[in-house]
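Biologist: I have a chain open and would like to learn how to read its features one at a time. Could you walk me through them?

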Amino acid sequence: MTKKVATKAAVKAYTEMTAEELKNELAGLKKEYERYQAMDMRLDMSRGKPCKEQLDLSMGMMDVLSSGSDLRCEDGTDCRNYGVLTGIDEAKELLSDMMENNPNNIIIYGNSSLNVMYDCVSRSYTHGVMGNTPWCKLEKVKWLCPAPGYDRHFAITEYFGFEMITIPMTKDGPDMDMVEKLVSEDPAIKGIWCTPKYSNPQGYSYSDNTVRRFARLKPAAPDFRIYWDNAYGVHHLYDQDQDHLIEILAECKRAGNPDLVYKFASTSKITFPGSGIAAMATSSNNMEDIIKQMKNQTIGHDKVNQLRHVRYFGDICGLMEHMRKQADILRPKFETVEHIFEAELGGLGVGQWTNPKGGYFISFDTLEGCAKTVVALCMKAGVKLTEAGATFPYHKDPRDSNIRIAPTFPPVSDLEKAALLFTLCVKIASAEKLLKEMNA
Ligand SMILES: Cc1ncc(COP(=O)(O)O)c(C=O)c1O
């Protein structure tokens, strides 16, 4: 993943302008901003939701089962009835191909992987991990949070009252020197949030070296687990130019650390976010530990939906073909935003942004101290963005610079307007900041 730094030669960088030049520039920008305000736009780029066309792609899934369908699995299980706690074999096979894990190491859940992550934290809190002291009985629990990251991850660990430690993200993944040091020295650290592929929000994928170092961690806490949320594992934007990860469970096994990882995935952004299927892959020891709790929690998840997914896709090939169609819808949206950023901001020295090859987001870094202003300016002109700071633990971005852009939901025509307004707001906030620094 390359991080684009604005470097176009033809325009003068704001950082090189005199106060007079900046004032003139700002006056023009403000006139333009008024024009946008008069448009009375109402656009939402705040959450990474699939658009209607993406959801429409999966409508065939509604037709694969009907009242006349045989709802039995290959082994004869009637999917309409109770049972099959860890999911039907066919669904395990499909999800195991998607997750690159052995079907015997997969548990199929309900519709949300975030819910499974919450559940893992909750179980560890009340009952402990594999015989270790439940976290609720400990004086302090700490959690590593690579940031910018996914706000709902941070919300879970904040809700449980854990102390969240921010780990800087690089384009190869989290700062592993810091992760290794902290994890090996502090037994109060019980976990780390990871979105290893096409990360939320930067779209970065962990390098081979990063994955190898994760698998070789030597935690001070025996109940430390890596929460490996591979939410965007098959969400490529391009056919050829794709990121690929070393498979973490196998790497942990090779490194003598078989129980170190809980790996999560779901079909939320493959079929329907409200009605997909979620899965976890982990070692047999972890599975045994988890199932002890799970069997008190449910008799089984929605098998009809599992069967529906399997019958619709057939196999992993069908699923990957479906993801190509998703990419055809999403690619122009990402490229629209990236082209506008480059055309409007290239060379101005007022921000940098990522050009992901997959996932759901573009990450934008403004000059220090400008993110909140940019988000507020956009809001006042009718474009809602993810709240500034949301990509950091406790909603506190120490540099007030990161903004998550979610280009998937609006149509391209709306995205064009929203991206143009965004760049205008970045220019205004940057010019005002620079003038303030000059005391002009
Ligand atoms: C990194 C990441 N994990 C998990 C989720 C939610 O997954 P699910 O719908 O399976 O709960 C999202 C949704 O945006 C996400 O970005």
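Biologist: How many salt bridges does the rule count here?

Modeller: A salt bridge is a side-chain nitrogen of Lys or Arg within 4 Å of a carboxyl oxygen of Asp or Glu. By that rule the count comes to 26 salt bridges. Bear in mind that this is a predicted model, where local features need pLDDT of at least 70, side-chain atom pairs count only at pLDDT 80 or more, and totals for chains, interfaces and linings use all residues. Residues are numbered from 1 along each chain as its sequence is written, and side-chain values use heavy atoms, with hydrogens and water left out.

Biologist: Which residue meets Lys-52 in a salt bridge?

Modeller: Asp-56 does, with 2.7 Å from N to O. Helices (H or I, at least four residues) and strands (E, at least two) are DSSP runs, numbered from the N terminus. Both Lys-52 and Asp-56 lie in helix H2 (residues 52-57), 4 residues apart, about one turn of the helix.

Biologist: What does the domain assignment of the chain give?

Modeller: Domain bounds come from an automatic or database domain assignment. Here it gives domain 1 (14-55 + 320-439) and domain 2 (72-314). Taken over C-alpha atoms, the centres of domain 1 and domain 2 are 31 Å apart. With contact meaning heavy atoms within 4.5 Å, 30 residues from domain 1 and 35 residues from domain 2 take part.

Biologist: How much area do domain 1 and domain 2 bury between them?

Modeller: The size of an interface is often given as the accessible area lost when the parts come together. Buried area is that loss for two parts, with a 1.4 Å probe, summed over both. Domain 1 and domain 2 bury about 3,000 Å² between them, 60% of it on carbon and sulfur atoms. Met-323, Lys-357 and Tyr-394 supply 23% of the area that domain 1 buries against domain 2, more than any other three residues.

Biologist: How many salt bridges does the rule find across that interface?

Modeller: There are 4 salt bridges between domain 1 and domain 2. Elsewhere in your list, look up Asp-239 and Arg-324, which form a salt bridge with their closest N and O atoms 3.3 Å apart. A polar contact is a pair of N or O atoms within 3.5 Å; within protein, one must be able to donate a hydrogen and the other to accept it, and residues adjacent in sequence count only if both atoms are side-chain atoms. On the side of domain 1 that touches domain 2, helix H11 (316-345), strand E12 (362-366) and strand E14 (402-405) each give two or more residues. H11 has the largest share, 10 residues.

Biologist: Which residues are around the ligand?

Modeller: A residue is near a molecule if one of its heavy atoms lies within 4 Å of it. Those around the ligand include Tyr-150, Thr-195, Asn-200 and Tyr-232. A polar side-chain atom of Ser-113 is 2.7 Å from a ligand oxygen, and an N or O atom in the side chain of Lys-269 is 2.6 Å from an oxygen of the ligand. Asp-229 places a polar side-chain atom 2.5 Å from a ligand nitrogen.

Biologist: Where is a cis peptide bond found?

Modeller: One joins Ala-147 and Pro-148, with omega about 5°. Pro-148 sits in the loop between strand E4 (142-147) and helix H5 (151-159). Another joins Asn-200 and Pro-201, with omega about 15°.
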